[in-house]
Amino acid sequence: MLRVSNKGRAIPESPIRKLVPYAEAAKKRGIEIFHLNIGQPDIKTPKIALDAVRNIDMEVLEYSTSNGSEQYRDKLVGYYQKHNIKLTNEQILVTTGGSEALYFTIASITDPQDEIIIPEPFYANYTSFSIAAGVHVVPINTSIDNGFALPKIDEFEALITPRTRAILICNPGNPTGTLYSKEEIKQLKKLVVKYNLFLIADEVYREFVYTDDGHYSIMEEKGMDMNAIMIDSTSKRYSMCGARVGCVVSRNPELISTVMKMAQSRLCPPTIAQIAAEAAIDTPQSYFDEVREEYIGRRNILIEELSKIEGVQVVKPKGAFYCLVDLPVDNADTFSKWLLESYSNNGETVMLAPGSGFYSTPNIALSQVRIAYVLKKEKLIRAVAILKDAIEKYNAQ
């Protein structure tokens, strides 16, 4: 009998997308859905990026180089310089989205049965990429009770084994909105240098920081050039999720040359998308200032409305545009499916991402959901009102 691989079967469904068939069926029944499940911003993509694509004048749509066009990488050097990160274009490798950057990185630094320590909850695809590479995720739990704060360094140290190859963080965090401080990055630096580990930082939400302290990149920290690997993407920064342009950034030449071999095997990142991404770097600061203020307003509205629901626990995010919410329901997976399959309020419902999919440890946080506040304020208010009504009806069954 034909069968797929064990690792293929072990890769979990995306908590963000696994309920799509139920959503599609609901739409066919005429139900309007407020999508709180996916980080797809409704902010307009910068016109400068779209115009660059509209104005393409070429007769042959050629490959770029496997590490991305030199012009784009040069522009990225200038972008990072503005964020106090000094690089050369050889230290940047362009990928097909941040997802490919993550997978290439994990595959480049690990062998089968190696381990990567990750604070949980974490972006669900970290598990998928690790399983695909034959790597074990070693979760270190954080709690909603203390705002999903970074665990103490000695807790990380206790998990390090001869198979440990890296610590992976997301800063600002998806799905929690947690922001790690400069001091916390310094503590992680000491640990990875001591044990000769890589520190991978997924920094795709750099522009979405809502505190006066701002964002501190691992690439700003001195003394770990060989250890630090940054993952980045245009998707959220410029509301260009469909472009699929990301990058791996490291001053470790062996790491970059290894990732390059994987990049060569997929030939090149998309040429047209790189043209858009290159143009987007010239987006004026006013765009980001306006987007930041918009998301601060959306976050505040969402937290205010959620706090009106009895039994809800939520932490005010410091970055990104997500929050992990503990709901007064027995099982968030079952509840999220029920919202799409059996419930509506005046022909409307909400779609959530069950929180359990963001954990590696089984059977914890079963009542949590991730909410992405990527809708306009009035839609968020309506969506939370629907959620409140749904919780009451669900628990009354």
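A salt bridge is a side-chain nitrogen of Lys or Arg within 4 Å of a carboxyl oxygen of Asp or Glu. In this predicted model, such salt bridges link Asp42, Glu294, Arg298, Lys376 and Lys377 in a network. The structure holds 25 salt bridges. Side chains of opposite charge can pair when their charged atoms come close.

| Glutamate 100 | Arginine 266 | 2.9 Å |

The side chains of glutamate 100 and arginine 266 form a salt bridge. This pair links distant parts of the chain, 166 residues apart. Glutamate 100 belongs to helix α5, which covers residues 97–109, whereas arginine 266 sits in the loop between α9 (253–265) and α10 (271–280). Are glutamate 100 and arginine 266 buried or exposed? Both residues are buried.

Glutamate 221 is found in the loop between β6 (198–202) and β7 (228–233), and lysine 186 in helix α8 (residues 182–195), so the pair ties together parts that are 35 residues apart in sequence. Glutamate 221 has a relative accessibility of 4% and therefore counts as buried. Lysine 186, by contrast, has a relative accessible area of 27% and is partly exposed.

Arginine 292 counts as partly exposed because its relative accessibility is 25%. Glutamate 293 is partly exposed as well, with a relative accessible area of 47%.

## The chain as a whole

The protein chain contains 13 helices and 13 strands. Its radius of gyration is 21 Å, close to the 21 Å that the globule rule gives for 397 residues, so the chain is as compact as a globular protein of that length. Along the principal axes, the C-alpha trace spans about 60 × 60 × 55 Å.

How many of the 397 residues count as buried? The share is 56%. Among contacts in the protein chain with a separation of 6 or more, 76% are made by residues 24 or more positions apart.

The protein chain exposes about 17,500 Å², and carbon and sulfur atoms supply 51% of that area.

## Two serines in loops

Where is serine 235 placed? This residue lies in the loop between β7 and β8 (246–249). With a relative accessible area of 5%, serine 235 is under the 20% limit and is therefore buried. Leaving aside neighbours within four places in sequence, serine 235 is in contact with Met240, Cys241 and Arg244.

Serine 342 is located in the loop between α12 (332–341) and β11 (348–351). Its relative accessible area of 52% is over the 50% limit, so serine 342 is exposed. In sequence, serine 342 and tyrosine 22 are 320 residues apart, while in space their C-alpha atoms are 10.0 Å apart.

Definitions and conventions
Residues numbered from 1 in each chain as written. Predicted model: local features only at pLDDT ≥ 70, side-chain atom pairs only at ≥ 80, totals over all residues. Heavy atoms only, no water. Helix = DSSP H or I, 4+ residues; strand = E, 2+ residues; numbered from the N terminus. Buried < 20%, exposed > 50% of the residue type's maximum accessible area, 1.4 Å probe, protein only. Rg over C-alpha atoms; globule rule 2.2 N^0.38 Å. Contact = heavy atoms within 4.5 Å. Areas by Shrake-Rupley, 256 points an atom, 1.4 Å probe, with all protein chains shown as cover.
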